[in-house]
Amino acid sequence: MAEEHRPLAGCTALVAGATRGAGRAIAVELGRAGAAVYAVGRTTRSRTSEVRRPTETIEETAALVTAAGGEGVAVEADLLDAAQVAAVVERIDAERGRLDVLVSNAWGGDHLVEWKKRMWEHDLEAGLRMLRLGVETHLVAAACALPLLVSRPGGLLVEITDGTADSNRPYRKPFYYDLAKTAPLRIAHDLAEELPEYGGTAVCLTPGWLRSEAMLDTAFRVTEENWREGCAQDPHFAMSESPALIGRAVAALAADPQVARWNGASLSSGGLAREYGFTDADGSAPDFWRYYAEVQQAGKPAEPTGYR
């Protein structure tokens, strides 16, 4: 493959939370760009996490990375266990001697969200578990991996969340979900103050309405092939995007020699598609968060024309 199509050849990435959805697609697109990708997660061929989706494994993710042209390495680790995460980083250092990209995508808390409950009505244990899964995992990954990431100039930290800084400024009900999804924005904002001294960059990135495996088969009961049938349940689903879009966004950031211009920024897959000129798997470029502000939040009828 020509080098211009492998801009990340020789680079090493760690994707924390790479089992499915955005994490899997990010790992695959980084591999497509030539990177060696360590896909870290809890669901393996022999063990299933509390998300209870045994058909999606880190081994499968690693195989997809390799098939795309990179080198996929599946690593089982609980991202709440600092010793396990430190061992992953030590392995990367021993095997590669470098870490160029850290993607903090861990979540796995959707099954805990009580969407219509007030803070004091929401199950406290479930709420606190959401914060551990969606915030503490990101802190553990950063604390363990940043020393290797900043050991050479050019390291990139990408915090993945749901929503931009603008869309998350109002209250994103319910309470614990709001905290879990605004925290990565602040993590990137704060680390953007600390990384430049070492030539590093921190950003926060969100997909739009992501057609994850669970969104397709559980929420809308459709497949990627017939996903538009889901618009009968919610017309705004016409603005949804496949996980490939955010994967390509991360790959574009990682390959950008001027990525430091984004340091501390809140970014979206749709916005970066316009900036870098990539598209979703179907050739479209849905800009969901612009649509959300101008159409959905404004109470206008669903109309994706001009937004994808």
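Contact is taken to mean heavy atoms within 4.5 Å, and helices (H or I, at least four residues) and strands (E, at least two) are DSSP runs numbered from the N terminus. The structure is a predicted model, in which local features need pLDDT of at least 70 and side-chain atom pairs count only at pLDDT 80 or more, while totals for chains, interfaces and linings use all residues. Residues are numbered from 1 along each chain as its sequence is written, and side-chain values use heavy atoms, with hydrogens and water left out.

Helix 7 (244-255) has twelve residues and reaches 16 Å from its first C-alpha to its last, close to the 16 Å expected at 1.5 Å a residue, where the expected span is 1.5 Å times one less than the number of residues. Nine of these twelve residues are buried, so helix 7 is largely enclosed by the rest of the structure; buried denotes under 20% relative accessible area, exposed over 50%, and partly exposed the range in between (1.4 Å probe, protein chains only). Among the buried residues are Ala244, Ile246, Val250 and Leu253, and the cover over the buried residues of helix 7 includes helix 1 (21-32), strand 4 (101-104), strand 5, strand 6, strand 7 and helix 8.

The strands belong to an open sheet of seven, arranged in the order 3-2-1-4-5-6-7 with parallel pairing, two strands being paired if DSSP finds at least two bridges between them. Strand 3 (71-76) and strand 7 (266-268) stand at the edges with a single partner strand each, so one side of each is left without a neighbour in the sheet. From one strand to the next, the twist averages 20°, with axes fitted as lines to C-alpha atoms (for helices over the stretch in contact) and angles running from 0 to 180 degrees between N-to-C directions.

Within the sheet, strand 5 (residues 156-160) and strand 6 (residues 201-206) run parallel and are joined by five bridges, and leucine 157 has alanine 202 as its bridge partner in strand 6. Helix 5 (residues 175-194) packs on the sheet, where it touches strand 5, strand 6 and strand 7, its direction making about 160° with that of strand 6. Helix 8 (residues 269-276) also packs on the sheet, touching strand 6 and strand 7, and its direction makes about 80° with that of strand 7.
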